[in-house]
Amino acid sequence: MFKVKILGAGSIGNHLANASRHLGWVVHLYDKDEEALKRTRESIYPSRYGFFDEDIKLFAGTKSREVYDIIMVGTPPNSHIELAMEALLEKPKAILIEKPLTNLNNKNFEQFIKKINLTDTKIFIGYDHVVGDASNYLTKQLKSLNLEDLEFLDVEIKEHWQGIFNAHPWIKGPEDTYLGYYEQGGGACLEHSHGLNMWQHIALSVGAGKIKKVSAYMSFNKFNGLNYDKFCSVNIETENGLCGRLIQDVLTFPPSKKAILQSKRGSYEWYCNFNKDGDRIVVKENGKTVDKMFKKNRPDDFINELKHISYVIHNSKDQSPISINNGIETMKVIEAIFESDQKKKFVEVKY
Ligand SMILES: NC(=O)c1ccc[n+]([C@@H]2O[C@H](COP(=O)([O-])OP(=O)(O)OC[C@H]3O[C@@H](n4cnc5c(N)ncnc54)[C@H](O)[C@@H]3O)[C@@H](O)[C@H]2O)c1
């Protein structure tokens, strides 16, 4: 059993609190805004999970009152690095930082990378899709593929962000949060970077290596002070020559979240939230089709993620798809995507 500190009593903070309690962990939930704590107790938690769990202790502020095994940073992106660096000083067993790792051009990003190379704390990034049951199954199927058989990898996370606003009934629209400002970590490229992270995860799983260069087209909404990319489309090439495409938007309804890897032998397809029952994997290989559903609901996404983190804490040699190094690489590619859109040319990723 772990004792966990969760920073941020918003949408993700409540999910992580619920998942931690599901695993029998002691939960202390902190927020700098007392209103957020009140909302958690009176509205978010009971409306999502039926009742408020009185074993969750709520604290105003961010400074730890006790010693914790795991510290989870579930605040807006532009506070992640600063809070994670403070958390490192407490030497917990693990830190989970929500996605995206940070906002664009964060001045402390490089210093953070240096610091994490000196710590024994295991650090994770919250790209939970790549540790879901469907993704785990897909990754196993990909093991048999030869790099030379691969043709193209196409990933999309296209989702109108009304879904996000439905999970935040206390905000009116993107103007009320970081979501409406790409520099704070909002917009399609950063908020829906689960797509890019899945692209990288599949590429690494098939031995295609890191993303080497990108060519991006982004479309921005700029009005009433808002400034966010509503759409981003990226052509990608990896160091071992796999090519593909990524699309993320905050426009499409009903949403479409999928990854399709095309090989000479067939296709390998992941459909996130294919229907209300869960995710779907379709593998078409040498004329045969395997079509499998993986039952899950929204709370399961985070229960699975925390089970994975617990497993890695106890089995220290295992590499994790949500290790912070993968989160850093996703952030580096995001920086290259913005640079490419600005310069209107292919940009090499600066790892
Ligand atoms: N993995 C997922 O699927 C998933 C789902 C939802 C959100 N997220 C990520 O989680 C992060 C937070 O999103 P959210 O939707 O929960 O936001 P939110 O606005 O609902 O909640 C954020 C909370 O953090 C608090 N906060 C802000 N700065 C703080 C600080 N310095 N110290 C303590 N508390 C602070 C705010 O008062 C607010 O209550 C984002 O990075 C988002 O992308 C991930």
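Predicted model: local features only at pLDDT ≥ 70, side-chain atom pairs only at ≥ 80, totals over all residues.
Residues are numbered from 1 along each chain as its sequence is written.

The domain assignment of the protein chain gives domain 1 (3–128) and domain 2 (129–295 + 324–348), with bounds that come from an automatic or database domain assignment. The centres of domain 1 and domain 2, taken over C-alpha atoms, are separated by 24 Å. Their contact takes 19 residues from domain 1 and 25 residues from domain 2, two residues being in contact if their C-beta atoms, placed from the backbone, lie within 7 Å. On the side of domain 1 that touches domain 2, α4 and β6 (122–125) are the elements that give two or more residues. The largest share of that side, three residues, comes from β6. By class, the side of domain 1 that touches domain 2 comprises 12 nonpolar, four polar and three charged residues.

Two helix pairs were examined. Two packed helices are described by the angle between their axes and the distance between the axes. Axes are lines fitted to C-alpha atoms, for helices over the stretch in contact, and angles run from 0 to 180 degrees between N-to-C directions. The axes of helix α3 (residues 80–89) and helix α4 (residues 109–116) come within 10 Å and cross at roughly 25°. Helix α3 is therefore roughly parallel to α4, given that angles under 35 degrees count as roughly parallel, over 145 as roughly antiparallel, 65 to 115 as roughly perpendicular and the rest as oblique. The crossing of α3 and α4 is left-handed, that is, the near helix is turned anticlockwise from the far one by less than a right angle, clockwise being right-handed. Residues I81, A84, M85 and L88 of α3 meet F109, F112 and K115 of α4. This contact has six nonpolar, no polar and one charged residues.

For α1 and helix α9 (residues 298–314), the axes come within 8 Å and cross at roughly 60°; the two helices are therefore oblique to each other. Their crossing is right-handed. The contact is made by H15, L16, N18, A19, S20 and H22 of α1 and by P299, F302, I303 and L306 of α9. These residues divide into six nonpolar, four polar and no charged.

Most residues other than glycine have a negative phi, and most peptide bonds are trans. A cis peptide bond joins K99 and P100, with omega about -20°, and P100 lies in the loop between β5 (94–97) and α4. N105, found in the loop between β5 and α4, has a positive phi of about 55° although it is not a glycine. A cis peptide bond also joins F253 and P254, with omega about -5°; P254 is found in the loop between β10 (243–249) and β11 (256–263).

Note on methods
Helix = DSSP H or I, 4+ residues; strand = E, 2+ residues; numbered from the N terminus. Nonpolar A, V, L, I, M, F, W, Y, C, P; charged D, E, K, R; others polar.
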